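Subject: Structure handover

Hello,

Here is the structure for you to look over. My notes follow below it.

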Amino acid sequence: MTAKGGKRSGILALASMDKLLRKAGAKRVSESAKKALRDLLEEYSEKIAMRAVQLSKHGGRTTIKASDIKLAQQT
């Protein structure tokens with residue numbers, strides 16, 4: 001995804017990746033590390049989201065529940 005100006009690619013903010021890595025103990029975080037973590041998390045999250053949608057449809061619902069997310073993560 002590219003916003004106006006072409007600066008953002010992805011859904012998750014790079015600042016959030018920086019916070020996660022610093023919380024894990026990093027003193028300095030490169031731009032490429034932030035982007036790599038963002039790409040990995042977005043890919044993983046998309047797989048879980050698609051599975052959660054399948055589970056809710058199977059249950060005859062249009063609303064995704066927390067239980068769908070948890071079950072999608074387990075399968």
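This is a predicted model: local features need pLDDT of at least 70, side-chain atom pairs count only at pLDDT 80 or more; totals for chains, interfaces and linings use all residues.

Which residues form a nonpolar patch on the surface? Val-53, Ile-64 and Ile-69 do, with about 200 Å² of accessible area together. Patches take residues with over 30% relative accessible area and no salt bridge; like charges are joined within 9 Å, and nonpolar side chains (Val, Leu, Ile, Met, Phe, Trp, Tyr) within 5 Å. Accessible areas come from the Shrake-Rupley method with a 1.4 Å probe, and for residues only the protein chains shown count as cover.

Residues are numbered from 1 along each chain as its sequence is written, and side-chain values use heavy atoms, with hydrogens and water left out.

Helices (H or I, at least four residues) and strands (E, at least two) are DSSP runs, numbered from the N terminus. Ile-64 has a relative accessible area of 36% and is partly exposed. Here buried means under 20% relative accessible area, exposed over 50%, and partly exposed in between (1.4 Å probe, protein chains only).

Now the charged pairs. The whole structure holds six salt bridges. Each is a side-chain nitrogen of Lys or Arg within 4 Å of a carboxyl oxygen of Asp or Glu.

Start with Asp-18. Its salt bridge with Arg-22 has the closest N and O atoms 2.8 Å apart. Both residues sit in helix α1 (residues 14–23), four residues apart, about one turn of the helix. Asp-18 is buried, at 15% relative accessibility. Arg-22 is partly exposed, at 40%.

Asp-18 also forms a salt bridge with Lys-34, where the closest N and O atoms are 3.9 Å apart. Asp-18 is in helix α1 and Lys-34 in helix α2 (residues 31–58), so this pair ties together parts 16 residues apart in sequence. Lys-34 counts as buried, at 14% relative accessibility.

Next, Asp-39 and Arg-38. They form a salt bridge, with the closest N and O atoms 3.5 Å apart. Asp-39 is partly exposed at 43% relative accessibility. Arg-38 is buried, with a relative accessible area of 6%.

Finally, the network. Salt bridges with shared partners join Asp-18, Arg-22, Glu-31 and Lys-34 into one network.

Best wishes
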